[in-house]
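Please look at the chain below before reading on.

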Amino acid sequence: MQQRRLSGRRPLLLAVGAGVTVAALAAGMTSAFAATIFSDDFTDGDTSGWSKSGGTWTVDGSGVLNQSNAGSELARQFAGQTSWTNYSVQARVRPASFGSSSALVGLAARSSSSTKMYRLALLGSGRAELQAVNGSSVTAIGSASLGVGTGTWYTLRIETSGSTIRGFVNGTQIASGSNSLVGAGRIGLVTAYASGGFDDVLVDSSGGGTPTTPPPTTTPPPTTPPPTTTPPPAGWPTPTASQKVDATIPVSGTFDGGLKRYYGIGDGGQSESQDPMFELAAGATLRNVIIGAPAGDGVHCEGNCTLINVWWEDVGEDAATFRGGTTYTVDGGGARSASDKVFQHNGSGTVYIKNFRVENAGKLYRACGNCSTSYQRHVVIDNVIVRNTDAIAGINTNWGDTARFTRITIVGDPDRETSICVKYKGVPKGSEPTEIGEGADGVNCLYSPSDITYQ
């Protein structure tokens with residue numbers, strides 16, 4: 001639920017007391033972000049606006065606030081105002097180490113003092129617990145066993161409305177209860193006998209309810225189109241040769257196919273769990289490849305990856321699936337004949353798609369709406385030609401996904417039937433997400449009429 005950072009990259013802070021309404025806040029803000037009262041993503045490299053109590057805190061080069069002293073009994077960073085009452089606070093939290101099963105890395109709300117607060121804690125035992133903390137007295141409001149581990153980002157959220165306190169992890173409520181320990185107070189980032197990282201902190205005044213279309217909980221990634229227009233390829237390339245593939249090709253480093261056609265994996269249809277043609281290790285680059293049919297599940301990116309001038313002649317299950325990283329780039333190339341989606345985003349982070357063409361497809365991009373882990377996901381789509389495609393992107397607004405579009409050209413659609421941005425309500429694995437709307441809203445679906453050209 002975080003808006004884009006203001007120029008100067010200092011934390012945004014507005015006072016909100018018991019009598020202040022969202023309407024009053026809107027007077028000084030754009031309507032799209034009227035409920036936002038504080039945000040900080042630490043990309044300015046410091047903790048201006050925060051006050052420290054214990055621990056060793058530093059902002060690293062990637063804009064993450066880290067507490068590195070795992071021996072600290074209680075390390076805290078506080079921000080905001082003690083008069084804040086009904087609000088929601090959210091942050092991304094990554095445990096780095098736990099000293100014991102009771103050690104914790106977490107988020108705090110209504111901190112009336114350094115030892116009195118509500119706390120949503122990720123515990124060394126693997127549980128997440130919503131707590132009312134009063135000095136050494138800790139009362140569990142509720143908890144859930146999530147298999148919490150180190151090195152993984154979790155999106156934590158606490159909602160406070162009167163005496164009702166709710167805790168959410170990755171968009172799923174894990175605890176809710178009535179507690180009157182504290183009625184107002186600041187927000188906090190907390191560790192106890194543990195170390196961890198914190199990022200993308202946001203406070204909004206929506207209190208006890210999640211908006212129908214919440215602002216994203218991390219800063220939507222900027223789009224940086226090249227200074228001069230680089231058009232997508234005008235046509236489909238002719239293969240230099242063809243090679244039948246009987247087993248997945250693993251790629252680490254860079255694989256340059258010299259525009260050879262690779263084919264032969266899977267059944268060419270939409271059946272699930274087919275093997276990929278290429279499996280890219282973290283940091284790998286695949287370039288100058290034509291993927292023919294059958295192609296199974298196309299390309300799997302197990303971490304950050306780059307696809308340059310890769311072409312899919314006949315998409316099977318998916319063209320590419322982004323699974324384990326945080327940044328994925330598709331530059332050049334194209335895909336056609338995808339009865340469902342071209343790019344499937346299962347992991348966290350951001351997919352960048354640029355200088356690309358898509359034809360005869362269901363969707364160019366889909367953020368997974370029912371994967372086993374409900375990450376927040378982003379996509380930036382720039383300089384893309386679209387023909388005979390139902391939708392360009394599908395995202396889950398209840399998880400804070402965003403899609404940003406620039407220089408989109410839609411060909412052969414006089415009735416403008418192609419949807420630019422379709423919004424879904426993401427659900428747990430085993431259920432089916434529901435479509436809840438479409439179109440630009442300045443919050444999750446980010447584009448203006450000038451970003452879309454019809455030919």
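Lysine 354 lies in strand 27, which covers residues 349-367; strands (E, at least two residues) are DSSP runs, numbered from the N terminus. This is a predicted model, in which local features need pLDDT of at least 70, side-chain atom pairs count only at pLDDT 80 or more, and totals for chains, interfaces and linings use all residues. Residues are numbered from 1 along each chain as its sequence is written, and side-chain values use heavy atoms, with hydrogens and water left out.

Lysine 354 counts as partly exposed because its relative accessibility is 32%; buried means under 20% relative accessible area, exposed over 50%, and partly exposed in between (1.4 Å probe, protein chains only). Beyond its neighbours within four places in sequence, lysine 354 has contacts (heavy atoms within 4.5 Å) with Thr329, Val330, Asp331, Gly332, Asp382 and Asn383.

With a relative accessible area of 6%, asparagine 383 is buried.

Elsewhere, strand 17 (residues 242-244) pairs with strand 19 (residues 254-263) in the parallel sense, over 3 bridges; two strands pair if DSSP finds at least two bridges between them. Lysine 244 has tyrosine 263 of strand 19 as its bridge partner. Strand 19 also runs parallel to strand 21 (residues 284-291), and 6 bridges join them. Threonine 254 is opposite threonine 285 of strand 21.

Terms used. Helix = DSSP H or I, 4+ residues; strand = E, 2+ residues; numbered from the N terminus.
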